[in-house]
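Here is a short report on selected features of a protein model. Keep the sequence and the 3D view open while reading.

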Amino acid sequence: MAFLDLSDVRKNYGPNTVVHKFDLDVERGEFVSFLGPSGCGKTTTLRMVAGFEVPTAGAIRIDGRDITRLRPNQRNVGMVFQSYALFPNMTVADNVAFGLKIANKPSSEIKARVEEMLNIIKLPHLGGRYPYQLSGGQQQRVALARALAIKPQVLLLDEPLSALDAKIRVSLREEIRSLQRSLGITTIYVTHDQEEALSMSDRIVVMNEGRVEQIGTPFEIYNHPRTRFVASFVGTLNILKGKVVDPAAGKIVIDGQELFASKRIAHLQAGEACSAALRPEAASLHQSELQEAAKIASAFGRESGPRNRMVGTIEEVSFLGSVVRIRVRFKENAVSLDTFNNPNTTPPARGMQVTVSFAREDLLVLEGAEG
Amino acid sequence: MKQQKIGSWIAIIIGTLYFVVPLIGTFEFSLRMRRGEYSFDAYRVVFADPRFQATFGYSTLMALLTIAVGVLIVVPTSYWIQLRLPKLRPLVEFITLMPLVIPAIVIVFGYLRLYNTSSILPLTGSAHSTDLLLVFSYVALALPYMYRAVDTGMRAIDVRVLTEAAENLGARWPTILFRVILPNVRAAILSGAFLTFATVIGEFTMASLLNRPAFGPYLQLIGANRAYEPAALAVIAFLVTWACMGLINVVGHGKQIKAAP
């Protein structure tokens, strides 16, 4: 049985349904991220687990105990807020000790636990400071320590890094993940930053308009997106519009050029319009057939299996530092592809006719007529 | 640019003269009780008058009770509106502004009709119950100042998130209100309290019509019968008011608890 179990959870505000039929099983010690754009229902779902919102229907269980109707102060769930929510009138130590004092723990135990938590977040010398005397990153660490001090069964983090600058965000997310691993605490992390979700999570729940689009490991979500939304929201993606030729063989036609998809297209009929997804890093650029064969043979020792080829014209070349992004136009469709910057080679020129090749398994026909 | 500066200075000078000249005049007049020389005789007389001590003490007590009742009414109201009923804010703001629009004399006549000795709730029946009525009427009178001060303080902190954070850590409502919210709006409450004190200490209409021995009616009585003492009392009342304003500043800028950025 799952440690945290959300079954058929829904939330309505009047006539508006903000969370539709949400089912999720989270194992003990697992790190699960809710990923989606603003207004997709991820924070509402998290707040239902915290007890700040009551589900309209469904049940939430922690370790088999139904907590759906319990007050937030009866759930033993720790929460870290986007705006830190530290108590401005209390010192760092008092903030961390707050939950323990509420629980009437002995003062010796409180003191030891506060010291332990401040050591864990690497701020042992800042116990006497007030929140306004700390940087944003330090405040968020204190908020994390405060949430963990009460030894919660589940840790909830609501976009905890979104108010911080990029560098601190990266270092703090690594700290959060390593802390979560070392404590083995079951964690739900809400974010709209796909890089954050991909780098931290055991599993990701991608949400859109109150619905779960896909649940899977970061690898599955990125490499095998089930819907067009997941494919476009997670990572950069080329969406190509075409028509199905042979669903059983996975054959489609895009701008008059025949291609094969990763698998048979079960949900579409021959002649139906379809959308196919291709990651920029999956495509290679070749100026001649010979160059293409050489490149395929040497590419990371991969065997040069059957590949799709499309002939087009370079429309745009963007130098992004370590990567050069090249857009190749066919007719209606265009593909952006990334190549590593090579200081000894000049990037190809605009207007050049080239061949774009990619493995069949990298071309994904998306679900739904238009994906 | 230079013309703008000169204009500003002229405005400041005119404003200062408008406020300061009458004060200086009153103060100067209060010192002229002894013929031919300046002295503090008028102040000595005022401070020696047992009625001054009694009325000032009474009004101070009334002010403190008004502050206590006002805080008990306004803080939870403002907190609840901020947290759960933000749509009611315009209505509550309108209600709290009523005492500024309706003259005190109208309010007190309303009280006398509602709470006279032949009513269901005869609050004017005894001295103590009339004191209670006076406190409630002062609470209504000071409501615009107290509510605005507390509401501004509540808006300065993120009441909802702080409440949720405390609740998440196991706290119940009384703990949240007294250990998390109140300390963070302490400066705002004290501002409201000092404004209330300044309003109540010299209030005349309600105390006079309810026939209570307050400082306001005493000021009026002295003003009607003496020459120099009313000027001294005016200066004293002015100093009390300004002391309250000063305390608001001290409290506001002293050990200020800033919200986390």
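Helix axes are lines fitted to C-alpha atoms over the stretch in contact, and angles run from 0 to 180 degrees between N-to-C directions. The model discussed here is predicted.

**A helix pair in chain A**

Start with helix H2 (residues 92–102) and helix H3 (residues 107–120) of chain A, which pack at an angle of about 125°. Their axes lie 9 Å apart. H2(A) is therefore oblique to H3(A). The crossing of the two, H2(A) and H3(A), is right-handed.

Which residues meet between H2(A) and H3(A)? From H2(A) come Val92(A), Ala93(A), Val96(A), Ala97(A), Leu100(A) and Lys101(A). From H3(A) come Ile110(A), Arg113(A), Val114(A), Met117(A) and Leu118(A).

The loop between H2 and H3 of chain A holds Asn104(A). Is Asn104(A) buried or exposed? Its relative accessibility is 67%, so Asn104(A) counts as exposed. Its backbone also deserves a look. Most residues other than glycine have a negative phi. Phi of Asn104(A) is positive, near 60°.

**Another positive phi, in a strand**

Asp8(A) sits in strand E1 (residues 4–13) of chain A. Asp8(A) is a residue other than glycine, yet its phi is positive, near 50°. With a relative accessible area of 29%, Asp8(A) is partly exposed.

**An enclosed helix**

Helix H1 of chain A spans residues 42–50. How many of its 9 residues are buried? The count is 8, so H1(A) is largely enclosed by the rest of the structure. The buried residues are Lys42(A), Thr44(A), Thr45(A), Leu46(A), Arg47(A), Met48(A), Val49(A) and Ala50(A). Gly51(A) follows H1(A) and has a positive phi, near 100°.

**An open sheet in chain A**

Next comes a sheet. In chain A, 5 strands form an open sheet in the order E15-E19-E16-E17-E18, with antiparallel pairing. Which strands stand at the edges? They are E15 (284–286) and E18 (334–340) of chain A. Each has a single partner strand, so one side of each is left without a neighbour in the sheet. From one strand to the next, the twist averages 45°.

Strands of a sheet pair through backbone hydrogen bonds. E15(A) is joined by 3 bridges to strand E19 (residues 353–359) of chain A, and the two run antiparallel. Within this pair, Leu285(A) stands opposite Val356(A) in E19(A).

**Cysteines and disulfides**

A disulfide is a covalent bond between the sulfur atoms of two cysteines. How many disulfides does a search of the whole structure find over all chains? The search finds 0. Two cysteines of chain A can still be placed by accessibility. Cys40(A) is buried, at 1% relative accessibility. Cys274(A) is buried too, with a value of 1%.

**A loop residue in chain B**

In chain B, Arg172(B) lies in the loop between helix H7 (159–168) and helix H8 (173–184). Its relative accessible area is 56%, so Arg172(B) is exposed. Arg172(B) and Met98(B) are 74 residues apart in sequence. In space, C-alpha to C-alpha, Arg172(B) and Met98(B) are 34 Å apart.

**Accessibility at a glance**

| Residue | Relative accessibility | Class |
|---|---|---|
| Cys40(A) | 1% | buried |
| Cys274(A) | 1% | buried |
| Asp8(A) | 29% | partly exposed |
| Arg172(B) | 56% | exposed |
| Asn104(A) | 67% | exposed |

Key
Residues are numbered from 1 along each chain as its sequence is written. Chains are lettered from A and ligands numbered from 1 in the order in which they are written. This is a predicted model: local features need pLDDT of at least 70, side-chain atom pairs count only at pLDDT 80 or more; totals for chains, interfaces and linings use all residues. Side-chain values use heavy atoms; hydrogens and water are left out. A disulfide is a pair of cysteine sulfur atoms within 2.5 Å. Buried means under 20% relative accessible area, exposed over 50%, partly exposed in between (1.4 Å probe, protein chains only). Two strands pair if DSSP finds at least two bridges between them. Helices (H or I, at least four residues) and strands (E, at least two) are DSSP runs, numbered from the N terminus. Angles under 35 degrees count as roughly parallel, over 145 as roughly antiparallel, 65 to 115 as roughly perpendicular and the rest as oblique. A crossing is left-handed if the near helix is turned anticlockwise from the far one by less than a right angle, and right-handed if clockwise. Contact means heavy atoms within 4.5 Å.
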